[in-house]
Amino acid sequence: MKEVLIDLIGAPLGTIIFQLVFAAQFTVYLSLIAFIGGGIAAIFITLARIAPYRPIRSAATGYIWLFQSTPLLMLLFLCGLGFPHLFQFQISPWTAASVALTIFTSAYLAEVWRGAIGAVETGQWEAGDALNLRYVVMLRRIIIPQAIKFGLAPTIGFLVQIIKGTSLAYIIGFQDLMLVGKRWANAPVDGSEPFIIFPIMAVLYFCLCYPLALFARQLEQKALARGQ
Amino acid sequence: MPIVSMEAVQKWYGDYHALRDLDFSVEQGERVVICGPSGSGKSTLIRCINGLEMCDAGSIVVNGIELTKRSESVAKIRSVVGMVFQQFNLFPHLSALENCTLALTEELGLTQSQADEKAMQYLSRVRIADQATKRPAQLSGGQQQRVAIARALCLEPQLMLFDEPTSALDPEMISEVLETMVSLAEDGMSMICVTHELGFAREVAHRIIFMDEGALVEDRDPVGFFERPDNPRTKKFLSKILR
Ligand SMILES: Nc1ncnc2c1ncn2[C@@H]1O[C@H](COP(=O)(O)OP(=O)(O)O)[C@@H](O)[C@H]1O
Ligand SMILES: [Mg+2]
């Protein structure tokens, strides 16, 4: 793969592109970890957010509020540098970035999903109550199936935000597309000037994000069409 | 034993006094129609009976069970009370049949085939068995409301509550829903029905109640209600609606 690239477009650029594409896989992995981990956490936070007990609801609201109003960069600093320094422990950039992005994602998705559940008409809850359905049955069979159609498009759309968000993880030494690219851009090698490297990186991010953005748009239009 | 008995019931929404010291009872097999201007508390009254709203004072006893904030009490009462809403409130992602079987399989432990059989029986009863596999959006308003009635009947309630069941319907669909309700009445179902269909009231009600500003203003047999109402507010309301 690397050799093919170098044969094709020459030594420095071929190597650079190979390294950038190679590094991009870590961007993908980190995004997936954040999305899956954050998604699982968001399920519990969303359930807590709509629980029939006020203290649980308040705790979930507090969590969402706290982490939605914290910049991602600060979460990364706290997880990667702040807490390890304060409590004297070692943490790999991988773990730190995963934790920070997972928290960030969970707060955001929990808010999106709560909104989706709120968009289900109150008459649906009342009909379920009148039929004497238990709370869990109501959620599983009536509310969630309807909420999914409101929440799906913004959820996929947020994946794009996560992918872009991972680019901040270079700040705590996470070896992704961003860090490798920056390193090349700063390297005194002919053909690796910033005006060459950064557009290549932009194209790579575009290739990761655009299909998802497109997919989200399609879902949105489908949902709109169904709503009419 | 009355199926519903309410004593000194009060309900506030914030500062707004929605039910004012209400005494109200309905006997087994009795059919009561409630009418009154919009905002007079008719929905609030019937929603208090199955715990969709909780009253702030007074006592409500349904089928011998006292309604309290405890979920067991609410569940026991809901298991004998069926409700039909103005906006149908069918589950849009489920077929007519699935709307009816959901509570049977999930809550009453019937197998799918037992539930299907029972649901089809009630869908036939409201004359809509041929549409059983359709989603609500594929049905007309009148058909949807009949499915909603069948859905409530599947749980074999002792009492049916109707909250303006025909108000959201196009005029040509009102009669099919009213006919279904009349046939329920003929079977001896206890019913409390908020409606302004006074022809229906005259035909099936044992008592007609006029509500205004959160209070029961008039509570009469149909003949008395229409021909010699006691209260001037009832007269005024009737003159408007019977124009
Ligand atoms: N959930 C609520 N919160 C605040 N006010 C309400 C609520 N439900 C009803 N009300 C008010 O209580 C009054 C009675 O409402 P309702 O019982 O729906 O009247 P009706 O069914 O006779 O039209 C109205 O003034 C209405 O605005
Ligand atoms: Mg009403």
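Visitor: How many positive and negative side chains does chain A have?
Guide: In this predicted model, chain A carries 15 positive side chains and 10 negative ones.

Visitor: And how far apart are the centres of the two sets?
Guide: The centres lie 13 Å apart.

Visitor: What share of the residues in chain A is buried?
Guide: Of the 228 residues in chain A, 42% are buried.

Visitor: How many helices and strands are there in chain A?
Guide: Chain A has 9 helices and 0 strands. Read from the N terminus, the elements run α-α-α-α-α-α-α-α-α.

Visitor: What box do the C-alpha atoms of chain A fill?
Guide: Along the principal axes, the C-alpha atoms of chain A fill a box of roughly 75 × 50 × 25 Å.

Visitor: Which contacts in chain A join residues at least 24 apart?
Guide: Take the contacts in chain A between residues at least 6 apart in sequence: 72% of them join residues at least 24 apart.

Visitor: Switching to chain B. In what order do the strands of the open sheet come?
Guide: The order is β2-β1-β4-β5, which makes 4 strands in an open sheet of chain B, with antiparallel pairing. β2 (16-26) and β5 (65-66) of chain B stand at the edges with a single partner strand each, so one side of each has no neighbour in the sheet.

Visitor: What holds paired strands together in general?
Guide: Strands of a sheet pair through backbone hydrogen bonds.

Visitor: Over how many bridges do β1(B) and β2(B) pair?
Guide: Strand β1, residues 4-13 of chain B, pairs with β2(B) over 7 bridges, in the antiparallel sense. S5(B) has S25(B) as its bridge partner in β2(B), and Y13(B) has Y16(B).

Visitor: What lies between β1(B) and β2(B)?
Guide: The two strands form a hairpin, with 2 residues between them. G14(B), in the turn, has a positive phi of about 60°.

Visitor: And how many bridges for β1(B) and β4(B)?
Guide: β1(B) and β4(B) pair over 5 bridges, also antiparallel. Here S5(B) stands opposite V61(B) in β4(B). S5(B) therefore faces a residue in each of two strands, S25(B) in β2(B) and V61(B) in β4(B).

Visitor: Which strands does helix α1 of chain B lie across?
Guide: Helix α1 (residues 42-49) lies across β1, β2 and β4 (57-62) of chain B. The helix runs at about 60° to β2(B).

Conventions
Residues are numbered from 1 along each chain as its sequence is written. Chains are lettered from A and ligands numbered from 1 in the order in which they are written. This is a predicted model: local features need pLDDT of at least 70, side-chain atom pairs count only at pLDDT 80 or more; totals for chains, interfaces and linings use all residues. Side-chain values use heavy atoms; hydrogens and water are left out. Two strands pair if DSSP finds at least two bridges between them. Contact means heavy atoms within 4.5 Å. Axes are lines fitted to C-alpha atoms, for helices over the stretch in contact, and angles run from 0 to 180 degrees between N-to-C directions. Buried means under 20% relative accessible area, exposed over 50%, partly exposed in between (1.4 Å probe, protein chains only). Lys and Arg count as positive and Asp and Glu as negative; His and the chain ends are not counted. The place of a charge is taken as NZ of Lys, CZ of Arg, CG of Asp or CD of Glu.
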